[in-house]
Amino acid sequence: MSEARDYLMRQFDLAWQLASYHLDGLTTEECLWRPAREGLHVHRREDGGWDADWPDRESYDLGPPSIGWVTWHLGFWWSMVLDHSFGPGDLTREKVRWPGSAEGVREWVGRLQQRWRTAVAEVSDGDLRSHERSRWPMRDRPFGDVIAWATVELTKNASEIGYARFLYATRDRSR
């Protein structure tokens with residue numbers, strides 16, 4: 001057993017509990033609601049699929065993202081890190097699509113969580129210190145840093161979803 005991996009996974013499990021709390025009961029209507037006129041969002045394509053906005057910069061003046069976009073972003077980075085750390089490493093942002101519904105989000109993110117948990121369970125202490133698997137989003141860093149980053153990113157996305165759900169739930173009362 002790897003003591004360091006176990007610490008990392010306990011932190012991940014805590015972040016996953018928070019994400020699950022905010023994903024449970026999430027509706028497609030909440031996902032597609034826009035908290036402001038401007039902000040990153042998901043858009044239905046003519047073929048029925050969904051694309052997500054991609055910002056050309058990080059700036060507060062972009063406006064708050066929709067829950068749909070945040071859930072796409074969660075699936076995007078998790079798909080990317082899995083592919084680049086444990087797969088062929090050829091996945092690109094353009095290939096990652098939003099599933100189109102809250103139920104689809106829960107299924108997608110649930111599968112990613114299972115794949116991540118299974119893959120990280122096999123990581124040794126040597127793997128945690130090695131740079132070999134660290135190909136996205138960072139290079140030349142120990143893979144333990146990538147695992148820790150994923151937990152922080154999951155926590156951030158979970159809190160963004162939760163905050164937007166609070167705004168959605170009180171949207172008519174706040175005006």
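Reply: A pocket, on a 1 Å grid over the protein atoms alone, is an open set of points where a 1.4 Å probe fits, with protein on both sides within 12 Å along at least five of seven lines; lining residues have an atom within 4 Å of a point. This is a predicted model, where local features need pLDDT of at least 70, side-chain atom pairs count only at pLDDT 80 or more, and totals for linings use all residues. Residues are numbered from 1 along each chain, and side-chain values use heavy atoms, without hydrogens and water.

Me: How much space lies in the largest pocket, and which residues are closest to its centre?

Reply: A volume is the space filled by probe spheres set on the grid points. Here the largest pocket holds about 620 Å³. Leu40, Pro55, Glu58, Trp69 and Lys156 are the closest to its centre, out of 21 lining residues.

Me: At what angle do the axes of helix α1 and helix α4 cross?

Reply: Two packed helices are described by the angle and the distance between their axes. Axes are lines fitted to C-alpha atoms over the stretch in contact, and angles run from 0 to 180 degrees between N-to-C directions. Helices are DSSP runs (H or I, at least four residues). The axes of α1 (residues 3-23) and α4 (residues 102-121) come within 12 Å and cross at roughly 175°. Therefore α1 is roughly antiparallel to α4 (over 145 degrees). Contact means heavy atoms within 4.5 Å; residues making it include Phe12 and Trp16 of α1 and Val109 and Trp116 of α4.

Me: How many aromatic pairs does the structure hold?

Reply: Rings of Phe, Tyr and Trp (its six-membered ring) pair if their centres lie within 6.5 Å; planes over 60 degrees apart count as edge-to-face. The structure holds 14 such pairs. One of them, Phe12 with Trp78, is edge-to-face, at 6.0 Å centre to centre and 70° between the planes. Phe12 lies in α1 and Trp78 in α3, 66 residues apart.

Note on methods. Helices (H or I, at least four residues) and strands (E, at least two) are DSSP runs, numbered from the N terminus. Angles under 35 degrees count as roughly parallel, over 145 as roughly antiparallel, 65 to 115 as roughly perpendicular and the rest as oblique. Rings of Phe, Tyr and Trp (its six-membered ring) pair if their centres lie within 6.5 Å; planes under 30 degrees apart count as stacked, over 60 as edge-to-face and the rest as tilted.
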